[in-house]
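Work through each task before reading its solution.

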Amino acid sequence: MAVLNRRQFGDPLLRETARRMTKSEILSEPIKHLIADMRQTLRTNELGVGLAAPQVGESVALSVIWIEPTAQRPHVENFSATIINPKIVSSHGRRVQRWEGCISGGSHGTADLFAKVPRYNDVDVEYLDEKGNQHTETYTGLLAQIMQHEIDHLNGILFVDRVKDTKTYMTHAEYRKMLKEAS
Ligand code: ZN
């Protein structure tokens with residue numbers, strides 16, 4: 001396994017619509033390796049909770065999600081998923097403003113910039129797992145937010161495109177300070 005180089009905002013690949021994969025491609029050796037390397041890459045990232053294949057230079061519709069409790073988020077539950085060809089089939093309720101950053105929005109594999117992004121609190125997502133099995137799941141709160149961020153990546157959309165209140169932008173240092181003061 002390897003930690004992969006991450007593409008940064010401004011890289012045209014991040015603006016492409018990622019290619020959907022067939023079941024046989026999902027089960028192929030190159031994709032198995034890509035998934036293993038993406039998981040490894042995400043685990044080495046302190047604030048990262050999701051990584052889309054275009055962020056490591058592969059324009060295929062695949063994201064990995066990995067959440068575990070940290071000092072910044074001690075109350076979250078462990079969660080891990082690989083979502084392939086994902087699609088939001090429905091979203092519910094009003095959008096709420098949530099803090100967000102992006103691994104590609106920084107030069108050292110971590111986000112340099114954070115802002116509040118309006119996201120639906122509940123979404124139903126259809127996707128294939130790494131074995132090619134189909135799922136439809138409902139996600140709420142943090143998981144719903146991550147799903148929306150990740151699926152946006154596969155459609156060439158970055159969180160900065162979604163920010164409504166641009167006065168919420170803050171640097172990594174200020175974001176950490178805010179989290180520390182809030183805890
Ligand atoms: Zn991102």
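A nonpolar core is a set of buried Ala, Val, Leu, Ile, Met, Phe, Trp, Tyr and Cys residues joined through side-chain atoms within 4.5 Å; buried means under 20% relative accessible area, with a 1.4 Å probe and protein chains only. This is a predicted model, in which local features need pLDDT of at least 70, side-chain atom pairs count only at pLDDT 80 or more, and totals for chains, interfaces and linings use all residues. Residues are numbered from 1 along each chain as its sequence is written, and side-chain values use heavy atoms, leaving out hydrogens and water.

**Exercise 1.** Find the residues with the most contacts inside the largest nonpolar core.

*Solution.* 
- Start with the core itself, which has 17 residues.
- Pick out Met-21, Leu-34, Met-38, Leu-51, Leu-62 and Ile-84, which have the most contacts inside it.
- Then trace the elements (DSSP runs numbered from the N terminus: helices H or I of at least four residues, strands E of at least two). Helix H2 (29-43) and strand E2 (62-67) each give two or more residues, and H2 has the largest share, 5 residues.

**Exercise 2.** Is helix H3 (residues 141-154) largely enclosed or open?

*Solution.* 
- Count first: 12 of the 14 residues of H3 are buried, so the helix is largely enclosed by the rest of the structure.
- Next, look at the cover, which includes strand E1 (50-52), strand E5 (134-140) and helix H4 (159-162).

Key. Buried < 20%, exposed > 50% of the residue type's maximum accessible area, 1.4 Å probe, protein only. Contact = heavy atoms within 4.5 Å.
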